[in-house]
Amino acid sequence: MRRILASCIAIVTLAGCAPGTTSGGASEQVDDKALTYLYFTDGPDEQATRTLIADYEKKSGVKVDLQIVPFDNLEQRLQARLSGGNAPDVARLTDISPFRSDLLDLNKFQKAALDDQFIDGADAYTHGPGGELLAVPSDLTMNGPLVNVDQFKKAGVSLPDVTKPWKWDEMVAAAEKVQKANKTQYAIAMDVSGHRFSTMLSQFGTTFFSADGTAVGLDTQKATAAVKRFAELNASGVMPADLWLQAGSKYKAANEIFLAQQTPVYLTGNWQVSAFAKDAKFTWAAAPNPCQETCGGFPGGKFMVSFKQSKRQQAAADFIAYMNSKESQERLAKEANFLPTRKDLISSGVDYPQRDADMKVFLADVSQTSPQAFATAYSPAFAATAKAAVGELGKVLAKSESPEQAVEAIKAAAEKALKDTK
């Protein structure tokens, strides 16, 4: 990391863009040892990010202005700043699609440090048509189950072996036994989220989009099987149908149901680990994702970008390289209970000081997750399709639509969303 940083500083000092020069079609470049970083926080990542920034400032002499904004206002604020010619130098995003034409090609400045260093599944999303590196995946999320260990022990039901995940039917049977023994309201809860349901779709062998992300890839037969199973579990009381029916098309987490010990299995993701380490009053653990036709979970995450408007392009790229070096990503992962995106860290693993076994379960599922799942999660058409899927599932639970009709509607929504992005 120090070698990379020293090289970055040398580039900026000796060969960087001096005041009055231009790069990448931007306005005049400056070397004023300052950067603006537009940022939103998930909670545990903020302090870890501040610590990394403080170290960077000491080593580089660059002052980083961390500008924290609410996630709900992020896209609107960034669009307004770009329209006003006041882009930040660096930003943290969950969706780069609305800004692709504004993004800086980081390969012009830090190709050796950044290109081909991160998960292959994100390549089509983070690269431009000419191979430009428009974004760096800065952290990874992975969907997966959390289980109430105390309730499983009381029921005498074994947890799945990490090396031998449940099948879907096995997970349901185990959860129902635990539900009956502990008299919980439900056996399994899932967040009201098209992203979370996409995990189930992927495990049933299909995803919204193809492996290259350029076409709708939903297999009607497989998707219908997943929707039917989901509907059956809700209708039987295994899952809380009211949660989905009351939410409409809006996101709603099921974390309160799990924390209240009203379900022994919660289908969520690794971002809950830090929160539950503080909030849960019982013993819990991560379990490997259930398998059906395929195994693994469903990914998500954040990206770091810079902009063509930036007057500090070299410094912005240097900062992004520093924050996503092996050492920095490992530090952020450990301190915030995040998953890394770097290939070397996914291969070597990370030793977490808190909830290490749980985080390793999520990390192990990264390599089990299909390329189609990554392509779908990172598709610019995913958000609109996922929202449509939630609405259609609600109609199935309300018995106003059949699973077959829902799948056809989801497929049509995917086709429209993909068309709208072109």
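**Cavities in a predicted model**

Colleague: What gives the most to the lining of the largest cavity?

Modeller: H2 does, with 3 residues. The model is predicted.

Colleague: What makes a residue part of that lining?

Modeller: An atom within 4 Å of a cavity point. For the largest cavity, 13 residues line the space. Tyr37, Thr49, Ser138, Met323 and Leu332 lie nearest its centre. Strand S1 (34-39), helix H2 (45-60) and strand S4 (136-148) each give two or more residues to this lining.

Colleague: Why is the space called a cavity, and not a pocket?

Modeller: Because a 1.4 Å probe fits but cannot get out, whereas a pocket is open. By this rule there are 5 cavities of 30 Å³ or more.

Colleague: What is the volume of the second largest cavity?

Modeller: About 80 Å³. Of its 13 lining residues, Arg196, Thr199, Gln203, Leu267 and Asn289 are closest to the centre. S4, helix H8 (194-203) and strand S6 (265-269) each give two or more residues. H8 gives the most, with 4.

Colleague: How does this second lining divide by class?

Modeller: Into 6 nonpolar, 6 polar and 1 charged. Arg196 is in this lining, and Arg counts as charged. Therefore Arg196 is the 1 charged residue.

Key: Residues are numbered from 1 along each chain as its sequence is written. This is a predicted model: local features need pLDDT of at least 70, side-chain atom pairs count only at pLDDT 80 or more; totals for chains, interfaces and linings use all residues. Side-chain values use heavy atoms; hydrogens and water are left out. On a 1 Å grid over the protein atoms alone, a cavity is a set of points where a 1.4 Å probe fits but cannot get out, and a pocket is an open set with protein on both sides within 12 Å along at least five of seven lines; lining residues have an atom within 4 Å of a point. Grid points are joined across faces, edges and corners, and a volume is the space filled by probe spheres set on the points.
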